[in-house]
Amino acid sequence: MNVYGLVGNPVGHSLSPPMHEAAYDALDIDARYVTFEPAVDDIERAVDGADALGVSGLNVTIPFKQDVLGLVDPDPLAERIGAVNTVDFSGERPRGYNTDAAGVTRSFAHHDVTLDGRDAVVVGAGGAGRAVAFALADAGCRVHVANRTVEKAADLAAALDDASAGGLDTLDRVREADVLVNATSVGMESEESPVPREHLHGDLAVLDAVYSPIETRLLREACEAGATTVDGAWMLLYQGVEAFERWTGRDAPVEVMNEALRARLS
Ligand code: NAP
């Protein structure tokens, strides 16, 4: 039996175990997906221990994504983003990936949203914001990063081609944009929106990385403005799909994983 898992602190409410185990069941793969919660200063021992014990793969979440970058061989995208959320132990050395980026592009592709040549606004410049911004820039978007802490937005934009940055006072850029992604935690378990509704319009495609609640105020107001909306569960789904495919070398049963995920979110 292969063992996969999620390492984070805390990991108590993770939706990844049912999503991945539904995929194993559907494809008759002899595997289990479990959660690990090492102490925050124990991540190196945890990764080494997982490798030594024959764990096949790990997803990585807060607060370990940046630390794990230095403990594995990261692929070039993970290195540019500065964070690893997926480790594959099948080779001689553990290999690190960032599948949050594919989670973004595959979510838009699923909703028939074209990214190449489009103007995009990314709100947020934390871990998710970095993955989103690199994903959109690599897909051909001109990216504007708007973040509460302007220096973080500027650092991120400087690492991208054809990108700009500013504070939250530059959110009026959304009026001229084709694509908007919320990569802040604003709206999580709250009725706040990170973007004033008067900036939203019908030619936008809006992805909210927040998935709790599944319909955030931003998505509700974007829908009312006539925009195409993509909820955060799609990004969560497709980062997991991408990890599954890297670990197993097989096409993921996307519908099965989506159903397992949404059954726990509704
Ligand atoms: P993080 O690294 O802590 O970054 C948090 C971001 O939110 C920063 O840009 C921060 O701005 C901003 N922020 C926080 N409070 C704010 C406020 N009151 N007003 C304006 N901006 C505020 O967290 P993260 O890992 O990037 O996660 C961000 C969100 O994405 C979380 O809700 C997380 O659940 C979600 N997420 C979803 C997925 C998915 O698959 N759907 C994947 C990853 C993350 P400052 O830089 O100014 O502090």
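Which residues of the largest nonpolar core touch the most other members? The first legend answers this. The model is predicted, so local features need pLDDT of at least 70 and side-chain atom pairs count only at pLDDT 80 or more, while totals for chains, interfaces and linings use all residues. Residues are numbered from 1 along each chain as its sequence is written, and side-chain values use heavy atoms, with hydrogens and water left out.

**View 1. The largest nonpolar core holds 53 residues.** Val-104, Phe-108, Val-132, Leu-136, Val-143, Leu-237 and Met-257 touch the most other members. A nonpolar core is a set of buried Ala, Val, Leu, Ile, Met, Phe, Trp, Tyr and Cys residues joined through side-chain atoms within 4.5 Å. Buried means under 20% relative accessible area, exposed means over 50%, and partly exposed lies in between (1.4 Å probe, protein chains only). Helix H9, residues 232-248, gives the most to this core, with 10 residues. Leu-237 is in contact with Met-19, Val-254, Met-257, Asn-258 and Leu-261, leaving aside neighbours within four places in sequence. Contact means heavy atoms within 4.5 Å. In soluble globular proteins, nonpolar side chains tend to be buried together.

**View 2. The ligand is surrounded by 22 residues.** The closest are Ala-128, Asn-147, Arg-148, Thr-149 and Lys-152. A residue is near a molecule or strand if one of its heavy atoms lies within 4 Å of it. A polar side-chain atom of Lys-152 is 2.7 Å from a ligand oxygen atom. For Arg-148, an N or O atom of the side chain is 2.9 Å from an oxygen atom of the ligand. Gly-127 uses its backbone: a polar atom there is 2.9 Å from a ligand oxygen. On its own the ligand has 930 Å² of accessible area, and the protein covers 76% of it. Such areas come from the Shrake-Rupley method with a 1.4 Å probe; for residues, only the protein chains shown count as cover.

View 3. The C-alpha trace spans about 55 × 35 × 30 Å along its principal axes. Buried residues make up 50% of the 266. Of the contacts between residues at least 6 apart in sequence, 62% join residues at least 24 apart. The protein exposes about 11,800 Å², with 46% supplied by carbon and sulfur atoms.

**View 4. Glu-221 sits in helix H8, residues 217-224.** Is Glu-221 buried or exposed? Its relative accessible area is 6%, so Glu-221 is buried. The side chain of Glu-221 makes a polar contact with the side chain of Arg-217, at 2.8 Å. A polar contact is a pair of N or O atoms within 3.5 Å; within protein, one must be able to donate a hydrogen and the other to accept it, and residues adjacent in sequence count only if both atoms are side-chain atoms. Not counting residues up to four places away in sequence, Glu-221 touches Ser-193, Val-195, Arg-197 and Leu-200.

**View 5. Glu-189 lies in the loop between strand S10 (179-182) and strand S11 (205-208).** Its relative accessibility is 62%, so Glu-189 counts as exposed. Glu-189 has a positive phi of about 50°, although it is not a glycine. Leaving aside neighbours within four places, Glu-189 is in contact with Ser-212 and Pro-213. The side chains of Glu-189 and Ser-212 make a polar contact at 2.4 Å.

View 6. Pro-10 is in the loop between strand S1 (2-7) and helix H1 (16-27). Pro-63 lies between strand S3 (57-60) and helix H3 (65-69), in a loop. The loop of Asp-112 runs between helix H5 (99-110) and strand S7 (119-123). Most residues other than glycine have a negative phi, and most peptide bonds are trans.

Note on methods: Helices (H or I, at least four residues) and strands (E, at least two) are DSSP runs, numbered from the N terminus.
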